[in-house]
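I open this notebook to record what I looked up in the structure shown below. The entries follow the order in which I made them.

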Amino acid sequence: MTNALRLGIAGLGTVGTGVLDILAAHGDLVAARAGKPVTVTAVSARNKSKPRGKHDLSGLEWHDDPVALAKSAGIDVFIELIGGDSGPAKDAVEAAIASGKHVITANKALLAHHGATLARAAEAKGLALNFEAAVAGGIPVIKALREGLVGNAPKRVFGIMNGTCNYILTKMGMEGRSFADVLKEAQALGYAEADPTFDVGGFDTAHKLAVLTSLAFGTEVNLPAIKIEGIENVALADIRNAAELGYKIKLLGVAVNYGSGIEQRVHPTLIQRGSPVSETDDVFNAIVVKGDFVGDLVLEGRGAGAHPTASAVLSDIVDIARGNIRPAFGVPATALKKYKDSSPRAHEGGFYVALELADKPGAVAAIATILGDAKISIESIVQRGKADPTAERATAPFILITHDTLEESLKQAMAKIEKDGHVASKPRVIRIERF
Ligand code: HSE
């Protein structure tokens, strides 16, 4: 066998340790697939004395500073598992490229903010910028878009891209547990980001979506163009209502290329039960690619956790070992098209609207009038349960499903309904997605 491929790993947290686990378990298999031995020769982490399970790091080059690791003459590939869109992760990736090292990163935030610039720098030097682990954990969706689907111009890419949110929504629905309680569990299982606001606020999904959009449509990564809503305001009652109506609630990232422009959004979504996406539960992710020649493709698997994510890093390592160096976003970064937003259009699938309606004559008529004035057509109405006559102000849960509607019209109607005095709390609105 030829000379070993020498890896430098920056960040020995959940994923970094997972990479060490796979190399320890499958060293020979990986070497056979890579065509050469693959060895970790240098590492960098915050705490040198922290125990790393069965892994003995004493013989490895140690760097307190990831930038020093990135520049080390003792590595061929720099693996960035630090996280964050700036600071040490960005400095180290830039240093690695500048000193001629291939880069592997699991850092979706970095790619969403600086992907095109980093890709240009890497490609100018003939280096890889590989990031299979950055989107959907163990699912090889980057490779699918970058290689397997090159014969297609996808029109739509969407799916569940955050394991933590899917875990929370699933457990809330199945076990009737509170948001905060399930979030704690997801953190303990190593699914959540260091700051879980990134997960539950929808930002992690947005970072991943921005990367997929660029790969799928050949446009520059555009994170600011994404409309983002998290799952913090999804109530247990909404999950139950959705279930009774035949839906599940999932946090989706959706990117659509209309030809004239692109739409990217992240939001909780009602999806009819029985579809591959609605039945993807727990920490699993599911990405759907609608290709023009291949048709619909669904990729499902574990979207977070040490070993699934490390499995994706291994795929990037073997590509580099085999000399399979491709443009990071499928086409050379200098050839990525300018991003253009689509014009506003009616949301296909309509909206779920949950109101706590005052139980008094004329309330329903008032709501119907506001919606009618806004040209919002109602598909169905469900009044759930009874108002509690002993409550200080009797209200009744009132659920509306609209037909396809412009989001702006719905927002304006909701603002009117809120002020009108017939509802006891802010209306809760969730998009319904038809696939
Ligand atoms: N926090 C992320 C998730 C980890 O829950 O999906 C994988 O990117």
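**Entry 1. A lysine in a loop**

I began with lysine 375, which is found in the loop between α12 (363-373) and β14 (378-383). Helices here are DSSP runs of H or I with at least four residues, strands are runs of E with at least two, and both are numbered from the N terminus. The model is a predicted one: local features need pLDDT of at least 70, side-chain atom pairs count only at pLDDT 80 or more, and totals for chains, interfaces and linings use all residues. Residues are numbered from 1 along each chain as its sequence is written, and side-chain values use heavy atoms, with hydrogens and water left out.

I looked up the backbone of lysine 375 and found phi near 60°, a positive value in a residue other than glycine. Most residues other than glycine have a negative phi. Lysine 375 is exposed, at a relative accessible area of 74%. I use buried for under 20% relative accessible area, exposed for over 50%, and partly exposed for what lies in between (1.4 Å probe, protein chains only).

**Entry 2. An alanine with positive phi**

Alanine 136 also has phi near 60°, again positive in a residue other than glycine. I located alanine 136 in the loop between β6 (129-130) and α5 (141-148). Is alanine 136 buried or exposed? Its relative accessible area is 0%, so alanine 136 counts as buried.

I then listed the neighbours of valine 141, leaving aside those within four places in sequence. Valine 141 is in contact (heavy atoms within 4.5 Å) with Ala136, as well as Glu132, Val135, Leu212, Ile287 and Leu299.

**Entry 3. The nonpolar cores**

A nonpolar core is a set of buried Ala, Val, Leu, Ile, Met, Phe, Trp, Tyr and Cys residues joined through side-chain atoms within 4.5 Å. Which residues have the most contacts inside the largest core? They are Phe78, Leu129, Phe131, Val141, Leu212 and Phe329, in a core of 84 residues. Helix α9 (residues 203-217) gives the most to this core, with 8 residues. I also noted a second, separate core of 32 residues, which includes Ile9, Val40, Trp62 and Leu81. In soluble globular proteins, nonpolar side chains tend to be buried together.

**Entry 4. A nonpolar patch on the surface**

Phe198, Phe203 and Ile228 form a nonpolar surface patch with about 230 Å² of accessible area together. Patches of this kind join nonpolar side chains (Val, Leu, Ile, Met, Phe, Trp, Tyr) within 5 Å, from residues with over 30% relative accessible area and no salt bridge; like charges are joined within 9 Å. Accessible areas come from the Shrake-Rupley method with a 1.4 Å probe, and for residues only the protein chains shown count as cover. Phenylalanine 198 lies in helix α8 (residues 197-200) and is partly exposed at 36% relative accessibility.

**Entry 5. Salt bridges of arginine 431**

I searched the whole structure and found 29 salt bridges, each a side-chain nitrogen of Lys or Arg within 4 Å of a carboxyl oxygen of Asp or Glu. Arginine 431 pairs with glutamate 229 at 3.4 Å, N to O. The pair links distant parts of the chain, 202 residues apart: arginine 431 is in strand β16 (residues 428-433), and glutamate 229 is in the loop between β8 (227-228) and α10 (236-244). Arginine 431 is buried, with a relative accessible area of 6%, whereas glutamate 229 is partly exposed at 34%.

Arginine 431 also forms a salt bridge with glutamate 407, their closest N and O atoms being 2.7 Å apart. Glutamate 407 is in helix α13, 24 residues from arginine 431, and both residues are buried. Elsewhere, salt bridges with shared partners join Lys171, Glu175, Arg177, Asp181, Glu185 and Asp282 into one network.

**Entry 6. Methionine 414**

Methionine 414 is found in helix α13 (residues 407-419) and is buried, at a relative accessible area of 7%. Beyond residues up to four places away in sequence, methionine 414 touches Val353, Leu371, Pro427 and Val429.

**Entry 7. The whole chain**

The protein has 13 helices and 16 strands. Its radius of gyration is 24 Å, close to the 22 Å that the globule rule gives for 435 residues, so it is as compact as a globular protein of that length. The radius is taken over C-alpha atoms, and the rule is 2.2 Å times the number of residues to the power 0.38. Buried residues make up 54% of the 435.
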